[in-house]
There are 2 protein chains.
Amino acid sequence: MRFERVAIIGLGLIGSSLGLALGRWRPALEIVGFDADRDTARRAEGLGAVRRTASDAVVAATGADLVILATPVRAAIGLLEQLGPHLSPDCVVTDTGSTKARIVAAAAQPGLRANFVGGHPMTGRLTQGTAEPVATLFDGAVYCLTPAADTDPEALAGVAELVEALGAQPRFFDPAEHDGLVAAISHVPYLLATTLMAVASDSAAWREMGGLAAGGFATMTRLANGDPAMYGDICLTNRVAIVEHLDRFMEGLAALRESIAEEDAGLTAHFEDVRRRHADWLKERKDPAPTMSMDELRPTSLILPRRWQDALRGLRPPERH
Amino acid sequence: MRFERVAIIGLGLIGSSLGLALGRWRPALEIVGFDADRDTARRAEGLGAVRRTASDAVVAATGADLVILATPVRAAIGLLEQLGPHLSPDCVVTDTGSTKARIVAAAAQPGLRANFVGGHPMTGRLTQGTAEPVATLFDGAVYCLTPAADTDPEALAGVAELVEALGAQPRFFDPAEHDGLVAAISHVPYLLATTLMAVASDSAAWREMGGLAAGGFATMTRLANGDPAMYGDICLTNRVAIVEHLDRFMEGLAALRESIAEEDAGLTAHFEDVRRRHADWLKERKDPAPTMSMDELRPTSLILPRRWQDALRGLRPPERH
């Protein structure tokens, strides 16, 4: 599958960085962009992230063979409905949203269901809405793809190839499985940071606290700088998984509180155990299993169904120009 | 007050950095050190953090006019009892522990009570037990001092002068007030990081979670690398304040959980509000009130009682050699 004309809807950090990375990969690609905010659109055009911008999302998407929705989740769901009737029959659609079950369900409409491939780049910089877009944003990042049961294997292979062209590593998840995992490792951490900031700054002693607070507090509240609209959407579209993982966290914290209240002599050993787990995780992140070729890698995927494995098996790493 | 011979008990990151910073300030100062771990003691001597090491804490402290206890809190409390009978009558004693009420209470013994000045350097690097000691560790850091009702003003002034010689900023707190503040801004953040790491790694899906986890999870678990013995001591010596602030945090988190479960439309506005508070705090940290001279600064302290203000008022910034 060779895309010729790409529409990127939403030209913030992710959308503009996608445009730059795609342009780096294949300079002849025709990239049209749209953003509801005109300044954001102008900035993307000025950076060369898109060749031109369109006056609305439908105009941008008409005639494209790949549409990338790079907006917060609920806006992307609205765009799917708006754009559906205007897309070319073979147009592949993907998104970059932080939750996947809702948008995959919204894509289950005639003419779209087979060609929609949910995506979620884990750049670790998603929360920095003001960061400068760069072509290298996806280099080495994990990029989740969440095909549905009836996703066309060729559409999936096309998006997976694109992800590799961005320099990222595609990983395949069931949409609900994805949402449970990111609730635990991304959404709950944000909610903890926000709550720590809210509770501390609600305190009568906040003036003194804020003056004393050093590295630990700064570290644990850094995520509170995340994009409020993005996290609002995340909470509304991943409610069940978030509540489940918040409950697990609160159980763990309540147990620790009891240990402290009872002056449990095992606290230091508990902290040692957790520190070891943390060190093991960091070590594994730094020393992942040796890189395998695409042909080796794909059939070993734990979760990718056989029919998709077959479609992906024949792929070669994309050329880089 | 001019110290001639300093004993540093505990030669980890803080103790050794103190030795290096004091040596930078006044190269002729005689600094004797002790650490129960012989390798740690040898390393400190090798770095030039102490002029020599002693065979035990009593030998190190005998004849000193300043003793600095740079161990976890409960070890420091034990040392106070052990060293008390061996100290010169005018010897000033200070510590660097993370909680202050317990050790200040333990210092309320004849011959010691007036000369003990509790201290807590907020270097923001306290948790990194393996970091290399450096003379600059305290540069610009807030350094809490927690005199008790009967602390000798001269002892307090002497330790405050020393803190400024280290390049740090002395701030004065009641011991219990200090412990409440650090429970909120330092101890609770550590407990959140540890619990997030523990709960995530207890999950049946940890293998997948750990592979996906990116910047946000790494940020929010970084403090789990803190020294287990230090945090064990912190929990045991600051139980009441920690439990109180954990309870406040859990109330805040439970309220947020309800908002999410109920699909509260005000979530984005709440996140915006917290982000603004976070930005305000960061801004204030970066742009603190203009630096005042010591004479201006001291009488404006909100909490320093008049009798100490008078003792401190005459101080001049120490010379730097």
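This is a predicted model: local features need pLDDT of at least 70, side-chain atom pairs count only at pLDDT 80 or more; totals for chains, interfaces and linings use all residues.
View 1. Residues are numbered from 1 along each chain as its sequence is written, chains are lettered from A and ligands numbered from 1 in written order, and side-chain values use heavy atoms, leaving out hydrogens and water.

View 2. Thr99(B) sits in the loop of chain B between strand S5 (92–95) and helix H5 (101–106); helices (H or I, at least four residues) and strands (E, at least two) are DSSP runs, numbered from the N terminus. Its relative accessible area is 0%, so Thr99(B) is buried (under 20%; exposed is over 50%, partly exposed in between; 1.4 Å probe, protein chains only). The side chains of Thr99(B) and Thr237(B) make a polar contact of 2.7 Å (N or O atoms within 3.5 Å, one able to donate a hydrogen and the other to accept it; residues adjacent in sequence count only if both atoms are side-chain atoms).

**View 3. Glu263(A) and its positive phi.** Glu263(A) belongs to the loop between helix H11 (239–261) and helix H12 (267–286) of chain A. Its phi is near 50 degrees, positive in a residue other than glycine. Most non-glycine residues have a negative phi. With a relative accessible area of 37%, Glu263(A) is partly exposed.

**View 4. Glu263(B) in chain B.** Here the loop between helix H11 (239–261) and helix H12 (267–286) of chain B holds Glu263(B). Not a glycine, Glu263(B) still has a positive phi of about 50 degrees. Glu263(B) counts as partly exposed because its relative accessibility is 37%.
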